[in-house]
Amino acid sequence: MKQTDSYNTLAASGFCMLVYNPFYLFDIGFQLSYMAVFFILYLEPLIRKPFDVKNPLLAIPLSWISVALAAQAGVTLLCMYYFKSVTLLFLFTAFPTMLFITFLLPVAMIFILLPESNWIGYTCIRWITERLTCYFCYTVEQLSYIKGLDYAVNLKGYEVILDYILLITLAEWIRYRKKSYL
């Protein structure tokens with residue numbers, strides 16, 4: 001039930017955006033965002049299943065990695081098509097990015113919701129938000145200097161569609177082990 005609701009919510013939000021502006025369908029950001037979320041919903045449980053651990057110290061980082069892998073699987077073909085290249089850098093950036101976001105988002109939300117004042121708590125929250133943001137930006141910048149992980153690829157539109165069909169068929173075969181999917 002929960003999975004179906006997630007797909008319906010994703011489809012409804014995409015439909016509403018396309019009713020508002022049908023040209024969003026041709027927007028690269030729209031396509032990448034919706035493809036990433038779809039594949040997170042679709043592939044993440046499949047990726048996480050073999051590594052189902054009960055220890056939260058291991059389960060949380062593994063879930064971050066499985067989300068990053070699922071999202072990357074969803075957008076890689078579109079990136080190859082639009083940008084004519086693919087990078088493996090996400091393998092190194094997923095964990096530090098998720099770690100920073102886990103701490104930055106709640107602190108930033110508290111900072112945004114607090115009224116601006118000279119109160120010591122507000123000053124502390126602002127300082128923590130600034131530090132986390134600076135460290136996050138610094139880490140992303142340092143990771144961007146890693147070279148040798150970019151590969152040039154030139155996919156045609158029909159190849160992208162066929163590759164997505166192949167990816168979904170492979171995932172269905174892994175999930176259900178039906179020969180008919182092969």
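**Rings, cores and a lysine**

Visitor: Is Tyr-122 buried or exposed, and what is its relative accessible area?
Guide: Buried means under 20% relative accessible area, exposed means over 50%, and partly exposed lies in between (1.4 Å probe, protein chains only). By that scale Tyr-122 counts as buried, because its relative accessible area is 7%.

Visitor: Which pLDDT must side-chain atom pairs have to count?
Guide: Residues are numbered from 1 along each chain as its sequence is written, and side-chain values use heavy atoms, leaving out hydrogens and water. This is a predicted model, in which totals for chains, interfaces and linings use all residues, local features need pLDDT of at least 70, and side-chain atom pairs count only at pLDDT 80 or more.

Visitor: How many aromatic pairs does a search of the whole structure find?
Guide: Rings of Phe, Tyr and Trp (its six-membered ring) pair if their centres lie within 6.5 Å; planes under 30 degrees apart count as stacked, over 60 as edge-to-face and the rest as tilted. With that rule, the number of aromatic pairs found is 11.

Visitor: What kind of pair do Phe-111 and Tyr-122 make, and which helices hold them?
Guide: The ring centres of Phe-111 and Tyr-122 are 5.4 Å apart with planes at 25°, so the pair is stacked. Helices (H or I, at least four residues) and strands (E, at least two) are DSSP runs, numbered from the N terminus. Phe-111 and Tyr-122, 11 residues apart, sit in α4 (residues 90–113) and α5 (residues 120–143).

Visitor: Which residues touch the most other members of the largest nonpolar core?
Guide: A nonpolar core is a set of buried Ala, Val, Leu, Ile, Met, Phe, Trp, Tyr and Cys residues joined through side-chain atoms within 4.5 Å. The largest has 18 residues, and those touching the most other members are Leu-43, Leu-77 and Tyr-164.

Visitor: Which element gives this core its largest share?
Guide: Two or more residues each come from α2 (28–48), α3 (56–83) and α6 (157–176). The largest share, seven residues, is that of α3.

Visitor: Over the face of which residue does Lys-84 lie?
Guide: Lys-84 is in the loop between α3 and β1 (85–87), and has a positive phi of about 60° although it is not a glycine. A charge sits over a ring if NZ of Lys or CZ of Arg is within 6 Å of the ring centre and within 35 degrees of the ring normal. At 5.3 Å from the ring centre, Lys-84 lies over the face of Tyr-81.
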